[in-house]
Amino acid sequence: MLAYLIRRLFAAAVMLVVIILVVFGIFFLVPKWAGVDIASSFVGKQADPAAVEAVRQKLGLGDPIYAQAWEFFKGIFAGRTYAAGGDVNHCSAPCFGYSFRSEQAVWPVLTDRFPVTLGLALGAAVLWLIFGIAAGVLSALKRGSIWDRGAMVVALSGVSLPIYFTGMLSLSIFVFGLDWFDGQYKPLAESFTGWFGGMILPWITLAFLYAAMYARITRATMLEILGEDYIRTARAKGLKEQTVIGKHAMRSTMTPILTMLGMDLGALIGGAILTESTFNLPGLGEAVLDAIKNQDLPIILGVTLITSLAVLIANLVVDVLYAVIDPRVRLA
């Protein structure tokens, strides 16, 4: 197990370097090849030429590309100083960029909003895993029944309906119609009940979309596994059905579910833009949406890095869980 963990950590470290270089290329190399003035993109199209030139010097855009890549990479781990003449801006580690429009480092902006997005993603993940897996397993065990058909109709609806439609529908029913919630988000440090009341509708709305997909993949995987030889052998030995399903079938079923969870949860931690904008949650999704409207490129760059790193970390955790669920994975 230790050797497996070391291999995965080494692979994650290599992937981290690759991700940072790819993000650098997307935001600094590709625009340059396309003939876009990178400095004006960081300042905004309405900036005066002097401000654009100052940012060009601060970012070192006249330096060789390998020097720019090194400064970008080093800044994430050791911080970075942006200097042009007498104007100096320091960005402490981890430096995910510096917004010259708002005159502040990107990392504090992200950390202020990150707890909101993290709470949204984790809460919704718990709901969609419980209800999605349960619905998928029951549908597989009761194949062809009314429950199976009804659950798959609901799952198809969840996948088909856009998140902003279900979000606005839930607001109109439970906030404006039944008046069960006030629809206002409150920070957890301010009030737990206020925070929970403001998050429950976003959790349910987001979980409805993902639970539908997890129910479908669970049902399909479970049906395939129930036809395997080792399941028939377990039943032939006289094991209880709960043991056959819970101990043998579910272990194999969890593998594709964990794969999906690693990707979905990592992407959501980078910001659930539609959900956050629908419910006015001050998370990373709303931050990147505001940055797009204001053409604040460093914020977009920072959220892109956060999303990439979140997917990397989530998949590293999934790799470790693979080894726990199926010991054969450790030999791979």
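Which residues form a nonpolar patch on the surface here? Let's begin with that one, and keep in mind as we go that this is a predicted model.

The patch is made of Val154, Leu161, Tyr164, Phe165, Leu169, Ile173, Leu178, Trp180, Phe208 and Leu274, and together they have about 940 Å² of accessible area. If you want to find it on the screen, go to helix H7, residues 163–177, which brings the largest share, 4 residues. Then look at tryptophan 180, which sits in the loop between H7 and helix H8 (192–226). Is that tryptophan buried or exposed? Tryptophan 180 has a relative accessible area of 57%, and since anything over 50% is called exposed, exposed is what we call this residue.

Okay, now for the inside. In soluble globular proteins, nonpolar side chains tend to be buried together. In this model, the largest nonpolar core has 41 residues, and the ones touching the most other members are Phe28, Phe42, Leu59, Phe72, Phe96 and Leu301.

Leaving aside residues up to four places away in sequence, phenylalanine 28 touches Ile38, Phe42, Leu59, Leu61, Phe72 and Leu301. There's also a second, separate core, this one of 40 residues, with Val137, Ala140, Tyr185 and Leu281 among them.

Next up, the cysteines. The link is right-handed, with 110° about the S-S bond. Both ends are tucked away: cysteine 91 counts as buried at 1% relative accessibility, and cysteine 95 counts as buried at 5%.

One last stop, serine 139. You'll find serine 139 in helix H5, and its relative accessible area is 0%, so it's buried. What does serine 139 touch, not counting residues up to four places away in sequence? The contacts are Trp147, Asp148, Ala151, Met152 and Arg219.

Terms used. Residues numbered from 1 in each chain as written. Predicted model: local features only at pLDDT ≥ 70, side-chain atom pairs only at ≥ 80, totals over all residues. Heavy atoms only, no water. Patch = residues over 30% accessible without salt bridge, like charges linked within 9 Å, V, L, I, M, F, W, Y side chains within 5 Å. Areas by Shrake-Rupley, 256 points an atom, 1.4 Å probe, with all protein chains shown as cover. Salt bridge = Lys/Arg side-chain N within 4 Å of Asp/Glu carboxyl O. Helix = DSSP H or I, 4+ residues; strand = E, 2+ residues; numbered from the N terminus. Buried < 20%, exposed > 50% of the residue type's maximum accessible area, 1.4 Å probe, protein only. Core = buried A, V, L, I, M, F, W, Y, C linked by side-chain atoms within 4.5 Å. Contact = heavy atoms within 4.5 Å. Disulfide = S-S within 2.5 Å.
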